[in-house]
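Please read the following report with the sequence and the 3D view side by side.

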Amino acid sequence: MTTDTSKTTGENAPTGGRPTMLRAITAAGGLASVASTFLAWTWTSEFPGDLTFNGYPGGLQLLTLVLGLLTTLFALSAMDVRGLGWLTPAGSTQALRLMALGTFATTWFTVIAIAVDLGGLANWEPGAWVAAIAGLIPAVAAFLLPNDARPLKRPAKLPSWAEILIIAAVFAIGLYVVNYGIQTDADDPEPFLGYLIATGFAAAALFKAGVVTRLSALTAKYRSVTLIAALVTAVAFPFTQNKASYTELGVNILVFATVALGLNIVVGLAGLLDLGYVAFLGVGAYTAALVSGAGSSTLDIHLPFWAAVIAGAVVSLIFGVLIGAPTLRLRGDYLAIVTLGFGEIFRIAVLNLDGTSGPSVTNGPNGIPNIPPLEIFGFNFGEDHTVLGHTLDTNANYFLLMLLVTIVVVLVFSRAGNSRIGRAWVAIREDETAATAMGINGFRVKLIAFALGATLAGVAGTVWAHVQSTVVPEQYVFAGPVPPNSTFLLAAVILGGMGTIGGPLLGATLLFLIPKKLEFLQDYQLLAFGIALILLMRFRPEGIIPNRRQQLEYHETGQLDVPDQPQLSGNAVGVTKAEA
Amino acid sequence: MTTTTSPVLNANGVTMRFGGLTAVRSVDLTVNSGEIVGLIGPNGAGKTTFFNCLTGLYVPTEGSVSYKGTVLPPKPHLVTQAGVARTFQNIRLFANMTVLENVLVGRHTRTKEGLWSALLRGPGFKRAEAASKERAMELLEFTGLAHKADHLSRNLPYGEQRKLEIARALASDPGLLLLDEPTAGMNPQETRATEELVFAIRDQGTAVLVIEHDMRFIFNLCDRVAVLVQGQKLIEGTPDVVQSDERVIAAYIGTPFEGAPGQEEAAEVEAAEAQQGTRPSGAPKSTTARTEDGQ
Ligand SMILES: Nc1ncnc2c1ncn2[C@@H]1O[C@H](COP(=O)(O)OP(=O)(O)O)[C@@H](O)[C@H]1O
Ligand SMILES: [Mg+2]
């Protein structure tokens, strides 16, 4: 039926001929992929996800289903089918290629995994053959298409309620996609690998199609709606989990994402390379652990939570100033070296403040266990609570508490970044000599950024101590297989995108979730980490979510948001000369 | 215009040594309010180094610099705070900030809003931010860059980048503006426009000290010209005096013809100017690029 529509439109399309036919083939292939997921792909339920049913899709087939559907829709949009133009405002071919490739990769990954896991092609049911062929066709057809990248089309005028509804839908879909990843079965690697492949290709395709740009324009237009939607989505997260292990993932991700965002003030805005940032998280965590009434704490006090937070913030601030003041006067890599040293000194000092090697403060390697659960206004964070018919476990409770800290850090980042002091940070990062010549006291401004970053990490640390209900020194290392460690945080910032809010949040999520779900990676995690970062630096140095500025810095051609202007004519000579 | 003779800048015996090399040797220079003073000299004469000494980027080995009677501390941000702003010979804009943001950074010393006020966003913060933007846009109008306010500065053509450097320097409401080769790499029309701009700046009450190789530009513009050769001040005086001084011509173009009359010399100066007008700034640029990046 759908192919019929496309044929009629194809005849009217100005391009006509071969491209239209290729697009129709792609659309049909996508549809065939969708159809194939309703068949059984294998005979035994030993393969994770149970792909043995005729009649409805399951497990990894769902991913093929969604991508096949998207491929069909993109192909139809490429054929100018009325009502689908909004899918490909920036040109369809590249997006279509990525989407078709995604379908192909997801399907073939699944069927190959079946063959490998179960030992041979004999384990394929006819459905698997259909799926393999159906996945291949659109991928080939899409690659024969001519490129039609174009500047973003003008968006159609929509009533504002529709636009707000779109924003809400996007956040709902986002929550669904994230939940799908978090709730995949961690016993086998296949479902999560398939998920990564599918979401990776789909996201790239949506980006190439211009949908992402369009959406970010929309979110910029309705800022408060977007903020509320983001908040609602985040609050809804624990209500959509039904296992303690999922809420645990959630609260961990949130803590690390928040800390990474704090680090992004230091690294991304002010350009200060801090290699010992995790120590400030540790300072906050230890401070909170000491003053929160843990049995083994050397201080016999139990402050209320707000006081513990302030204590953690202040102590971190003091350490930040102590580290920053002597080093930030210097230029160059001194800060990196000193912070690297500080990170180690913190850990070793904590190890030795055990009463034998040094004064008794931290219990050395034993750490401070059994920090009593928080209680705020009679709400005990250690117990389950039923809210709106859903039981929130202790991790979910802490998730909601941590969300408050995240909001504070996001606010600090965006407000400070977009002000006199934020501009001074960026100026220092860009050219310190010029910045000081413009009247900026480089030392002072850098110290503020550094101390602010330290304070925010300290605040996050106070919650972190309670989430874990124990603090041990071994968590606060420079590099290690389990987060938090300074390398993890820095990598989250760089992977996600320096100088942005979304970047570190996404980076920390990926870096935390991937090793958790792919247990076979455990032994090679640091290797995989390194390879991923090298590839990133080669192909996308600005990170996954680029800062507007860095996008332009690394990819000269993409002048996105600069008003167009035929400017070079008069001065072209001067330019070339100057650069000669 | 009224020219009062109160000194704005007073450099006293400024000497700058780099190891064995004396880049600036005991230079005295005064700039009075309402004046445009030129500083010329061959490449490597020490002009940029002298500027760096004035603005605190270098701490002079000897000598002192005072602004309106008070000695300037050798810290760049305090010098700017006091009222001396500068541009750079090798353009040093904040390449990945917009044109407007560049000028806003220039406002830094004249605004006070710190971290707290940025976080709390009270009415005072909003007012100050709006006032800064307004002033910055004014300056962009003044320099003719208002239509490019949202461009990244790295994407501006060369001539406009130089103008933006001037706008950014003016944003600190300076009493003295130091321009280091403001027309290097510009075409003749742009040079003319810059000349007008400098006059306009002076008319707004800012004294100007300018380094330039373009002789016509300098002699049109300046009330007084000082010539620096090998780190030493050779001569200082009105353009007429400097223009016809044999030592200057010798330093610039080589030894004049034996007994050549003034007319011929002038012609030679003309020729040199014409050459200057079209020549790319490659040579002087690279010398100082090295110098400035070294610190
Ligand atoms: N930081 C420095 N270290 C060593 N030598 C320097 C430094 N800065 C400038 N110089 C030297 O001082 C001399 C004057 O340079 P400069 O002031 O840039 O000349 P001008 O601006 O007149 O062309 C040059 O020989 C240069 O190499
Ligand atoms: Mg120079």
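## Backbone details

Gln230(B) is placed in the loop between β9 (224-229) and β10 (232-237) of chain B. Helices and strands here are DSSP runs (H or I of at least four residues for helices, E of at least two for strands), numbered from the N terminus. This is a predicted model, in which local features need pLDDT of at least 70 and side-chain atom pairs count only at pLDDT 80 or more, while totals for chains, interfaces and linings use all residues. Residues are numbered from 1 along each chain as its sequence is written, chains are lettered from A and ligands numbered from 1 in the order in which they are written, and side-chain values use heavy atoms, with hydrogens and water left out.

Most residues other than glycine have a negative phi, and most peptide bonds are trans. Gln230(B) is not a glycine, yet it has a positive phi of about 50 degrees. Its relative accessible area is 65%, so Gln230(B) is exposed.

Asp173(B) sits in the loop between α6 (158-170) and β7 (176-180) of chain B. With a relative accessible area of 35%, Asp173(B) is partly exposed.

In chain A, the peptide bond from Pro483(A) to Pro484(A) is cis, with omega near 0 degrees. Pro484(A) belongs to the loop between α17 (442-468) and α18 (486-496) of chain A.

Two threonines of chain A also lie in loops. Thr37(A) is in the loop between α2 (17-36) and α3, and at 0% relative accessibility it is buried. Thr37(A) and Gly58(A) are 21 residues apart in sequence, and their C-alpha atoms are 7.9 Å apart in space. Thr88(A) is in the loop between α3 (60-78) and α4, and its relative accessible area of 2% makes it buried. From Thr88(A) to Glu519(A) there are 431 residues in sequence and 37 Å in space, C-alpha to C-alpha.

## Helix packing

Two packed helices are described by the angle between their axes and the distance between the axes. Axes are lines fitted to C-alpha atoms, for helices over the stretch in contact, and the angles run from 0 to 180 degrees between N-to-C directions. Angles under 35 degrees count as roughly parallel, over 145 as roughly antiparallel, 65 to 115 as roughly perpendicular and the rest as oblique.

| Helix pair | Axis distance | Angle |
|---|---|---|
| α6(A) (160-182) and α8(A) (211-221) | within 10 Å | roughly 115 degrees |
| α4(A) (93-118) and α5(A) (126-143) | within 8 Å | roughly 155 degrees |
| α6(A) and α9(A) (223-239) | 10 Å | about 30 degrees |

The angle of about 30 degrees makes α6(A) roughly parallel to α9(A). By contrast, α6(A) and α8(A) are roughly perpendicular, and α4(A) and α5(A) are roughly antiparallel.

A crossing is left-handed if the near helix is turned anticlockwise from the far one by less than a right angle, and right-handed if clockwise. The crossing of α6(A) and α8(A) is left-handed, as is that of α4(A) and α5(A). α6(A) passes α9(A) in a right-handed crossing.

## Rings

How many aromatic pairs does the structure hold over all chains? There are 17 aromatic pairs. Rings of Phe, Tyr and Trp (its six-membered ring) pair if their centres lie within 6.5 Å; planes under 30 degrees apart count as stacked, over 60 as edge-to-face and the rest as tilted. The ring centres of Phe256(A) and Phe512(A) are 5.3 Å apart and their planes are at 55 degrees, so this pair is tilted. Phe256(A) lies in helix α10 (residues 244-269) and Phe512(A) in helix α19 (residues 502-517) of chain A, so the pair ties together parts 256 residues apart in sequence. Both Phe256(A) and Phe512(A) are buried.

One aromatic cluster is formed by Tyr277(A), Phe280(A), Phe319(A), Phe342(A) and Phe450(A).

A charge sits over a ring if NZ of Lys or CZ of Arg is within 6 Å of the ring centre and within 35 degrees of the ring normal. Arg329(A) has its charged end over the ring of Phe443(A), 4.0 Å from the centre. Arg97(A) lies over the face of Phe143(A), 5.4 Å from the ring centre.

Thr48(B) is buried at 7% relative accessibility, and Gln89(B) is buried with a relative accessible area of 3%.

Methods: Buried means under 20% relative accessible area, exposed over 50%, partly exposed in between (1.4 Å probe, protein chains only).
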